[in-house]
Amino acid sequence: MRPYATAQQTGTRTVQCDATAVRSAPGRGSRAFAILDGIGDHESVRSWTRTAAVQVAEAAARHADAETGLRAVYARYAAERPDGRNGMPGAAALVAVTTPDGRLTLAWAGDCRAYLITGDGRARQLTQDHNFRRTWPATETCPIAGSRHRITSYLGSSHTDQDILKWHHHPAVESAAIDPTGPAHLLLATDGAYEPYEDAGDDIARELRGEGFGALSRTARRFTEGSVRRALLAREEAGGSPHADNATVLLARL
């Protein structure tokens, strides 16, 4: 049985611009799981994001380290765009790498999230969002200053660590490393997948466990379907027009 599964829902978007990729490094035993949330709603973004997801996963698996892999791809795109993105595609990006010694490394640019679902049924968030809510408090005169919908770093940007640190107090690419103890699952999710649960006050670990982790594909699909359903319900209750973002998850057994 494959130890991971992915699921996607387009929501009310026109194009599915999220992407996932899983790659292993022959002879090294490392495996990389990547998830990207493309910026925009166009076929060109979808195509770019799918290609970039593979590049990130391949680089991270080859280096057996999430940060080294993501930074290599980040630098490559930054070199192609010295004057900024200028309308070129970009994406929030997150990659996780497992190695034979049980170590888990993560690296991200943007607001995709990683959660560790432990055997005791708890969800531990492993990443910190790169968005305005983290770096700028909202005010009455400028509520958008604290918006979670304005990301502060992303793959495809030409901004350096020093740029982002100066403006938003975190590097362009952030990283973490953990040594999971005992059986656990790793959840990678785009904001369209985790935000509806967070907004509804639902426990992500409980929603994931549901019928159990036995069939990862069914669990992942049920989770994304729940994301869209909650997003539409929240808009309806608020009196707004129907809207649900692309929702994508990658669920892996560690």
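**Exercise 1. Is S158 buried or exposed, and what does its side chain reach?**

Step 1: S158 has a relative accessibility of 19%, so S158 counts as buried. The cut-off for buried is under 20%.

Step 2: Keep in mind that you're looking at a predicted model.

Step 3: Follow the side chain of S158, and you get to the backbone oxygen of R81, at 3.2 Å.

**Exercise 2. Work out where D129 sits and which residues it touches.**

Step 1: Look between β7 (123-125) and α3 (132-135); D129 is in the loop there.

Step 2: Check its cover. D129 has 9% relative accessibility, so this residue counts as buried.

Step 3: List the neighbours. Leaving out residues up to four places away in sequence, D129 touches G110, D111, R113, R134 and Y194.

Step 4: Pick R113 from that list and zoom in on the side chains. The side chains of D129 and R113 are joined by a polar contact of 2.8 Å.

Step 5: Compare sequence and space for another pair. D129 and T152 are 23 residues apart in sequence, and their C-alpha atoms are 8.9 Å apart in space.

**Exercise 3. Find the element that holds E195, then describe its partners.**

Step 1: Go to helix α5, residues 191-200, and you'll find E195 there.

Step 2: Its relative accessible area is 8%, so E195 is buried.

Step 3: Skip residues up to four places away in sequence, and E195 touches R148 and H149.

Step 4: With R148 there's a polar contact between the two side chains, at 3.3 Å.

**Exercise 4. Does the radius of gyration of the protein chain agree or disagree with that of a compact globule?**

Step 1: For 254 residues, a compact globule would have a radius of gyration near 18 Å.

Step 2: The protein chain has 17 Å, which agrees with that value.

Step 3: Along the principal axes, the C-alpha atoms fill a box of roughly 50 × 45 × 35 Å.

Step 4: Now look at how the chain is built: it has 7 helices and 10 strands. Buried residues make up 50% of the 254 residues.

**Exercise 5. How far apart are the mean positions of the positive and negative charges?**

Step 1: Count the charges: the protein chain has 30 positive and 30 negative ones.

Note on methods: Residues are numbered from 1 along each chain as its sequence is written. This is a predicted model: local features need pLDDT of at least 70, side-chain atom pairs count only at pLDDT 80 or more; totals for chains, interfaces and linings use all residues. Side-chain values use heavy atoms; hydrogens and water are left out. Helices (H or I, at least four residues) and strands (E, at least two) are DSSP runs, numbered from the N terminus. The radius of gyration is taken over C-alpha atoms; the globule rule is 2.2 Å times the number of residues to the power 0.38. Buried means under 20% relative accessible area, exposed over 50%, partly exposed in between (1.4 Å probe, protein chains only). Lys and Arg count as positive and Asp and Glu as negative; His and the chain ends are not counted. The place of a charge is taken as NZ of Lys, CZ of Arg, CG of Asp or CD of Glu. Contact means heavy atoms within 4.5 Å. A polar contact is a pair of N or O atoms within 3.5 Å; within protein, one must be able to donate a hydrogen and the other to accept it, and residues adjacent in sequence count only if both atoms are side-chain atoms.
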